[in-house]
Amino acid sequence: MADISALSQLALQLLQQLISIQSFSKEEDRTADLIDQVLQQHGVKTHRKLNNIWAWNRHFDASKPTILLNSHHDTVKPNSGYTRDPYDAKIEDGKLYGLGSNDAGGCLVSLIAVFLHYYDQENLKYNFCLATTAEEEISGVNGLELIIPDLGELSFGIVGEPTLMDLAIAERGLMVLDCTAYGKAGHAAREEGENAIYKALADIEWFRNFKFPKESEVFGPIKMSVTIINAGSQHNVVPATCTFTVDVRVTDAYKNEEVLEIIRQHVNCEVKPRSIRLKPSSIDKNHPFVQAGVSLGRKTYGSPTTSDQSLLDISSIKIGPGDSARSHMADEFIYVDEIGQGIDLYIQMLSKIV
């Protein structure tokens, strides 16, 4: 167990090393190597599958509940607006610059520091499982989702994403639906065929106006938006099919499967989800960890952005140093002080429950 200053220094040095290594989604092997090496240097027994590294605390006790500490080490590609070298982890005016510094490097190294803080401690009420994962930026299948079966039973999860250390107690899920209305082709000049566009219009109007019975305390109603429509081949042919796409932002009031079932009960078109993987997620506002954060002056809110939290079937919270508004921006940065403050706040909150 080290003091906050030593943990902050360790985290900062690790983040500078991570920034210097290119780690686009699916290309995170070298940052995985580094994380694995650093953990092992601190006596941690690590496990690896592809570019995911995970570990449990030294005194793991299967009879106790387990807290997941998770963040990702992949990055997006630098946008064209960069005026700096994205991999040059320089500190200027209290800011650490570099690709992935804010999203989600600061969160990742802070959670690694927190894990090391608790790693050797005995007689904790909870176990800790640290999972540093890949492919978050592309919602890939070879990141957190790949190793969830290996992590064992988890009580709740802390997902490190930049939230200014406020408590994102809920996150919207996402379903993209490809819908097809079927008619019958015919000549437009005669009373032939069944116009698939007209059939689709009735369903599109339903998507526009339907209100789901349950509303989220955090987000309010589910939002459905028809965003693409395609039909017809030429002006004088009644179209046999009309396809349209619906963007559905699911709240924590429903599971994706429930929303899909309700939609299918109400529309006549064929409805095919591209995926139901990106689930809404939440944690009870009365959960001890949330209450610990509130007692320290942290705000609660609902996050409109998706993260690896959407892959978890357990109660989870999104919280971390840095600011979501800086994610994916040119000349990305995190304030050095935010890392130390993040580690301190994580430990203060956890100390109230573990």
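I began with strand 1 (residues 47-49) and strand 2, which run antiparallel and are joined by three bridges; I count two strands as paired if DSSP finds at least two bridges between them, and I take helices (H or I, at least four residues) and strands (E, at least two) as DSSP runs, numbered from the N terminus. I note that this is a predicted model, in which local features need pLDDT of at least 70 and side-chain atom pairs count only at pLDDT 80 or more, while totals for chains, interfaces and linings use all residues. Residues are numbered from 1 along each chain as its sequence is written, and side-chain values use heavy atoms, with hydrogens and water left out.

Across the pair, Arg-48 stands opposite Ile-53 in strand 2.

Next I checked helix 2 (residues 29-41), whose 13 residues reach 18 Å from the first C-alpha to the last, close to the 18 Å expected at 1.5 Å a residue; the expected span is 1.5 Å times one less than the number of residues. Its buried residues include Thr-31, Leu-34, Ile-35 and Asp-36, and what covers the buried residues of helix 2 includes helix 1 (4-19), strand 1, strand 2, helix 3 (101-119) and strand 6, by contacts of heavy atoms within 4.5 Å. Just after helix 2, I found Gly-43 with a positive phi of about 80°.

I turned to a three-stranded open sheet, in the order 4-5-18 with antiparallel pairing. Strand 4 (91-92) and strand 18 (333-335) stand at the edges with a single partner strand each, so one side of each is left without a neighbour in the sheet. Three bridges join strand 5 (residues 95-97) to strand 18, and Tyr-97 has Phe-333 as its bridge partner there.

Last, I looked up Leu-201, which is found in helix 5 (residues 196-209) and is partly exposed, with a relative accessible area of 46%.

Notes:
Buried means under 20% relative accessible area, exposed over 50%, partly exposed in between (1.4 Å probe, protein chains only).
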